[in-house]
Amino acid sequence: MKKIWLVGLVFVFVLSTLALGQEIHNPDTIVRIEYGTVNTLDPAYSYDTASGAVMFNVMENLVMWPMGTVDGDETDLSYSLATGDLLPMLATVVPTVDNGLIVNYPDGSVTYQFPIRTGVEFHAGGTLTPEDVEYTFERAILQDRDGGPIWMYIEPLSGQEYWRLYQVVEAVLGIDTNKGETIKDLTPEQQAQVYAAIASWVEITPTGDVVFTLDASYPPFLTILAHAAGWGAILDKEWVIEQGGWDGEADTWAAWYNPGGGQAAEESELYDVMNGTGPYMLDHWDPGIEIVYERFDGYWREPAAIKTVVDKKIQEWSDRLLLFGRGDADICSVDPQYLPQVMGQPGIVTTLNLPTLGLNPAGFFTSDINLEGNDLVGSGTLAEDGIPSEFFNDVHMRKAFAYAFEYQTYIDDVLGVAGGYRTHGPVPKAFGWAYDDRPELYYTFDIEKATEEMKLAHGGEVWDTGFTFTLLYNEGNQGRRVIAEILEKNIESMNPKFHIDVRGVPWASYLDRMVTEQMPLFVIGWLADFPDPHNFVVPFAHSTGTFSGWQGSTLVAMFAEKYDPLTSAAMATAVQAERAAIYYQIEQMSYDDCYDLWLPQVNGYRVMRDWVQGYAFNPLFPDVYYYSVYKAYE
Amino acid sequence: MLTYIIRRLLVLPIVVLGCIVLVFSVMQLLTPYQRLSVYCSNPAELKNVDFEILIERYGLNDPIYKQFADWFMEILRGELGWSESASRPVSGAFKRFMPVSAELALWSALPLVLGGVWLGSLSAVKHNKPLDHIMRIFAITGWSLPTFVAGLLGLFLFYGILGWFPPGQLGLEASAIVRSSVFASYTGIITLDAVLNWNWFVFADALRHLILPVFVLSLVSWAMLLRVTRASMLETLRQDYVTTARAKGLEERVVIKKHARRNALIPVVTIAGVTVAFLFNGLVITETIFDFHGLGRWAARAAQTFDLPALLGYLLFNGVLIVFANLIVDIMYAYIDPRVRLG
């Protein structure tokens, strides 16, 4: 029955595209239809691509990555991932050693100096100043929400001594903050002491430039500032204060530290308001429904070609398909398994085999699952109706799941025409020099081995008791749903006492469940913040990593003991061969410890109407950059 | 009549209370942890405070009568918890989504009642004639066609191929006007607001987007009303007093309008309450298919994502709605049949 519907849908879709003709619909508006929901509009809080995509178009950084083009007429992959090719944005010059704006000092410290562009207006009316830039970074560092992106500043600025603000606070004040829990209780004097310690990290020179001082060399630093997913986006100080944000005083910042405990984006004062210097202004954000942008005519460069951008959230694939087929949408999110329904259709351009720089998806086991208020773990005990907190603490259990996934089936049936490839460990295959491609490092689908491992798990007890838990996926994401269903099918086939339920939840809830460590196994993706293996090893295998940090205390302790020293060692040398050897070691350990489920990766692709031109491409971009997009036949 | 209405109004709070008690009873099947989400309208509260403290704060281990009293007060304050699927408090979600559903339901109710009753009686008057056969085929088809099938077929045909009726509430241009400062939102019901703003472009665009979902939404209920009206009219037309009226030489039009239809409406009005329930059940599918962000779509997402506060809020809303719909039915019933109010 389902197949009949599908055939009917495709038939109508083809008819509709044929009937459509070549007229460009809504020439002054880009309509994009997708299902990813935005988590927050606060650039210092945001660390997900859906939120980053909004900031990419509304706010701007000091520097930016250059872009290629993938559109109706051309595929120009001449983008660059080289630091030397970065483009100046709100800075007028990209610092280099040659132009004297990067200075290496004998004590090992490094400064990056940015002359700030003048005459740049914010959407709400303010003018960009060096104080805005300094405030933006200080606010981000002092806010440092749990699980957020700010480790990327604290690590290099502190000379790789600290990763999180609470570590700085503990070092400066000599106190235990219980991982930041007591920071809000700091006295004004203590806050001022901490502020004094970080104030030198970002300063304004007498000539009005902004200078970052790193205690030690950190080559990717500029590329961190260049990433357009939020954390490098410059805010208007006065405007943020008007919104109820940090007042910029040295002794008050603790009140704004870690809003919502890092688990409630709504607690940030910039949760649903935006004011940037970018080519588009936020018109409105209706969570889960749509985001609308309007062109900013006071933009410091030429205003964008397209007046309005409507980003509609449509969960139903049939609606997306029909709107796209009729030409009422210009850019459409298409899951890989649906690509055959749009490929080759008149008026639709599909570009395959684009490079990616990420690990998306990957599965993460949670040790010491948080049972409190958790409806995903049944009874919360080792019995047929639930699982205990330490269910995935046992490496045999994790390996049983790794052997129970049908990797090749997933590539063939789900990724389909988009194509995909196997990967292992936290270093993406794109970093060929650091990727150990030995076959023995890949888990394969083997239900017998899975059964053997399952019988060893928890001293053999789990085989007798059975278990039940729920696997979540973010609704609309069919790929993650299928991953969960493959595991459900194969694990349940091993023993009638094994039960897995699969359920979809909104993206924001999914993230919340993840950071509260309620999900026994979560699947999520990581797109590079900066093009270096370090940016993957940290989130995947460091004790403070974005994902690894949420994998429960047992795994976090393992990361701290075994992986953290290696991660630091790999950054302590600039010799590529030495770094590669360390990453090879991490990859072998990743196989042995099996802390993650290394899932097949999809090749990059884009689907759009043929009249869409100027679609910017760089694998580091979080999403569509509407500034360069226009609609025409060329 | 007035006494009857007052009597019914006095009973109403008891019925509503019964409805609230039922929803509260359903809640008791949940663990205190799950019930917490129904009490907290601020999601941060659920994430940063010890659950035991919250359970204590909201009295979830208190005696059942005290829990009920506390929750009842929460309802009166409009505090129904936080809806994950809507990313806002349940009360805020109702405020956001209600006008969308109300618009669909109101536009569906009008043709439903008028069309269903009129066509039903026409079908009975033209008994066994071609028109009657057509109406019967229409009714049976409408009755047996699941809403999602009718919706998808309609969408494929009238949008996918013909391009007439697109999904969503408004087109891009009308949407931009509604968002702009020149368009005042009085009710959130776009067609009504468009009339109040004297903006006929927005009105026409909204109407264009409403035609298909309204047709799909009302189809089942329409078919049911048509069949009931027809059967009732046939029964009434065979009564002796109708024969007497005809024998007196009254015009057939007068016989049908004044003598037959009014009495035939009694069973029709009786099922009107059920029709309201049908309409709101239909919203779940119709809004999902046609990308209307209303109560039905929210309820569907809440069900898929196990969003308990939203589901309980929706359950409560539906219960109260049906109670009120039945009140109106009872009053209409009494108006049509004096025996009811005198009994």
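Predicted model: local features only at pLDDT ≥ 70, side-chain atom pairs only at ≥ 80, totals over all residues.
The assignment of domains divides chain A into domain 1 (2-76 + 274-355 + 604-631), domain 2 (83-261) and domain 3 (358-602). The C-alpha centres of domain 1 of chain A and domain 3 of chain A are 30 Å apart, and 21 residues of domain 1 are in contact with 19 residues of domain 3. On the side of domain 1 of chain A that touches domain 3, the elements giving two or more residues are α2 (49-58), α10 (339-342) and β14 (348-354) of chain A. By class, the residues on this side of domain 1 of chain A comprise eleven nonpolar, eight polar and two charged.

Helix α3 of chain A, residues 130-143, has 14 residues that should span 20 Å at 1.5 Å a residue, and the distance of 20 Å between its end C-alpha atoms agrees with this. Because twelve of the 14 residues of α3(A) are buried, the helix is largely enclosed by the rest of the structure. The buried residues include A:Val133, A:Tyr135, A:Phe137, A:Ile141 and A:Leu142, and among them are also A:Asp132, A:Glu134, A:Glu138 and A:Arg139. The buried residues of α3(A) pack against α4 (151-157), α5 (165-173), α6 (188-199), β8 (202-204), β9 (210-214) and α8 (237-242) of chain A.

A:Lys179 lies in the loop between α5 and α6 of chain A and counts as partly exposed, because it has 13 C-beta neighbours inside 10 Å; its C-alpha atom is separated by 9.6 Å from that of A:Asp146, a residue 33 positions away along the chain. A:Glu242, found in helix α8 of chain A, is likewise partly exposed, with 14 other C-beta atoms within 10 Å, and the C-alpha atoms of A:Glu242 and A:Glu269, 27 residues apart along the chain, are separated by 9.8 Å.

Most residues other than glycine have a negative phi, and most peptide bonds are trans. In chain A, a cis peptide bond with omega of about 15° joins A:Asn360 and A:Pro361, and A:Pro361 is found in strand β15 (residues 358-365) of chain A. A:Asn26, a residue other than glycine, has a positive phi near 45°; A:Asn26 is placed in the loop between α1 and β1 of chain A and is partly exposed, with 19 other C-beta atoms within 10 Å. In chain B, the positive phi of B:Asn128, which is not a glycine, is about 65°. B:Asn128 lies in the loop between α6 and α7 (130-144) of chain B and is exposed, with 9 other C-beta atoms within 10 Å.

The secondary structure of chain B comes to 16 helices and two strands, and its C-alpha atoms fill a box of roughly 80 × 55 × 40 Å along the principal axes. Buried residues account for 39% of the 343 residues in this chain, while 73% of the contacts in chain B with a separation of 6 or more join residues 24 or more positions apart. Chain B is assigned domain 1 (17-83) and domain 2 (97-304), and the C-alpha centres of these two domains of chain B are separated by 38 Å. Helix α6 of chain B, residues 90-125, has 36 residues and reaches 49 Å from its first C-alpha to its last, close to the 52 Å expected at 1.5 Å a residue. This helix, α6(B), bends by about 40° at B:Phe97, and a proline, B:Pro99, follows within four residues.

The contact between the chains takes 43 residues from chain A and 30 residues from chain B. On the side of chain A that touches chain B, at least two residues each are supplied by α1 (2-20), β1 (29-34), β10 (280-286), β12 (308-313), α9 (317-326), β19 (498-505) and α16 (507-515) of chain A. By class, this side of chain A has 15 nonpolar, 16 polar and twelve charged residues.

Definitions and conventions: Residues numbered from 1 in each chain as written. Chains lettered and ligands numbered in written order. Expected span 1.5 Å × (residues − 1). Bend = angle between axes of the 7 residues up to and from the residue. Contact = placed C-beta atoms within 7 Å. Nonpolar A, V, L, I, M, F, W, Y, C, P; charged D, E, K, R; others polar. Domains from an automatic or database assignment. Buried ≥ 20, exposed ≤ 12 C-beta atoms within 10 Å, placed from the backbone.
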